[in-house]
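Please consult the sequence and the structure shown below alongside the text.

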Amino acid sequence: MPAKTLPFDREQIEQIVADYPTPLHIYDERGIRQRMRDLRAAFAWNPGFLQCFAVKATPNPHIVQLLLEENSGADCSSLAELVLCERLGLRGEAITFTSNNTSVEEFEKAHELGAVINLDSPIHLPKIERLPSVPDILSFRFNPGPEKQGNVIIGDPKEAKFGCTREQILEGYRRCQAMGVRRFGLHTMVVSNELGLPSLLETARMMFELAAQLYAETGAAIEFINLGGGIGVPYRPDQAHPDLAELGEGVRRLYEEVLGPSGLNDAGPAPVQIMMENGRAITGPYGTLVTRVINVKETYKRYIGCDANMANLMRPGMYGAYHHISVLGREDAPPVQTADVVGALCENNDKFAIDRPLPEVRVGDLLAIHDAGAHGHSMGFQYNGRLRSAELLLKEDGSVQQIRRAETLDDYFATVEFPEPAVSVQ
């Protein structure tokens, strides 16, 4: 069985937590940069290929900045994410804005930044008409419904609130043409955390065929096709990363097979651009939640209580997702117990692991919860007044930089208007 590895050892992390108390999230700069380079290399056959990092996965400006240095764009889905890009100096078509249930104010900000606006439905076109000018380029998000099966994270496309039908897509492009839009893209996102290539390649074929249909029936020359994200993370030790080179080659063959005869590559200013918007696959494996054991309890089963909780990593409690856990200093020790690893929230699903085989664990031990670099800190919340942790960057030279400080109680109460005390405390 392959072993889960970490970019630090117990001695290093003990030195780090002496300055930055647990719990904390720490990201591996070297791993993130290399993953981005590997993805770009896999699609180098497409001259315009652009990976737009899904900012929602790890919305820290330091992480986004280092990805911009690796020629990434940014995929945004909210006003805050757009402003994050703006503050980093990113503008133009390197930003895609893919939202749903969207306000006019959000569309206005995306338009101001020159972002590619990717519409969830033609129902949003009246809001687009309220913008100061007609966007130069628009895209729509396709939901294939019964045409394609999703997976446990995305769910059944027929039940998903995202995107629009084939008929609505055709209607949308015709309406855009009537509004004066002259450039078009196409987008979908129907699977998430896929380790197998077949589903990812099926998505590419589906989108290439749809682009060819749109061009044939409306004359809309699709300039880019955004295949979404969906590349998975091997959360379990017996899983492996998808082969990015094989994925890129498979998409290339479909591109030539389907788009070649369609005439689309000759209809626009350049061959059809391939885009993706991976988040989890870029940062997920390269972030670790470090937490200290503060209690070990025996009732009807064993509970290992740590100072992190579901507010630091929601996925296990929300999805039942697996995250591997290492006891630092005993990474290779055999399991001698089965236990639940839990936090301190007043909710029974506040668990990082259930009935997990573990080596000996003592109060004071440090635990490393693997693959927490995406949808970890970003999904945090403050239930029970539990405060969100610091984020650190383990830099390529081995130094550590704090890129977000831990919250304080003053932060927690900053937006509250306290009443005058009703009772004097003696």
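Val416 is placed in the segment after α13 (409–413) of this predicted model. Together with Leu409, Phe413 and Phe418, Val416 makes a nonpolar surface patch of about 390 Å².

**Nonpolar surface patch**

- The patch of about 390 Å² is built from four side chains, namely Leu409, Phe413, Val416 and Phe418.
- Val416 has a relative accessibility of 38% and therefore counts as partly exposed, since that class lies between the limits of 20% and 50%.

- Glu249 pairs with Arg252 in a salt bridge whose closest N and O atoms are 2.4 Å apart.
- Both Glu249 and Arg252 belong to helix α9 (residues 244–259), where a spacing of 3 residues places them about one turn of the helix apart.
- Arg252 also meets the side chain of Glu256 in a salt bridge, with an N to O distance of 2.8 Å.
- Arg252 and Glu256 are likewise both in helix α9, with a separation of 4 residues, about one turn of the helix.
- Glu249 counts as partly exposed because its relative accessibility is 29%.
- Arg252, the partner in both of these bridges, is partly exposed at 21% relative accessibility.
- Glu256 is also classed as partly exposed, with a relative accessibility of 48%.

**A salt bridge between two loops**

- Arg330 and Asp365 form a salt bridge in which the closest N and O atoms are 2.2 Å apart.
- Arg330 lies in the loop between β12 (325–327) and β13 (337–342), while Asp365 lies in the loop between β14 (351–358) and β15 (366–369), so this pair ties together parts that are 35 residues apart in sequence.
- Arg330 is buried because its relative accessible area of 13% falls under the 20% limit.
- Asp365 is buried as well, with a relative accessible area of 6%.

**A salt-bridge network**

- Shared partners link salt bridges into one network that joins Glu29, Arg33, Arg37, Glu69, Glu70, Lys395 and Glu396.

How values were computed. Residues are numbered from 1 along each chain as its sequence is written. This is a predicted model: local features need pLDDT of at least 70, side-chain atom pairs count only at pLDDT 80 or more; totals for chains, interfaces and linings use all residues. Side-chain values use heavy atoms; hydrogens and water are left out. Buried means under 20% relative accessible area, exposed over 50%, partly exposed in between (1.4 Å probe, protein chains only). Patches are made of residues with over 30% relative accessible area and no salt bridge: like charges are joined within 9 Å, nonpolar side chains (Val, Leu, Ile, Met, Phe, Trp, Tyr) within 5 Å. Accessible areas come from the Shrake-Rupley method with a 1.4 Å probe; for residues, only the protein chains shown count as cover.
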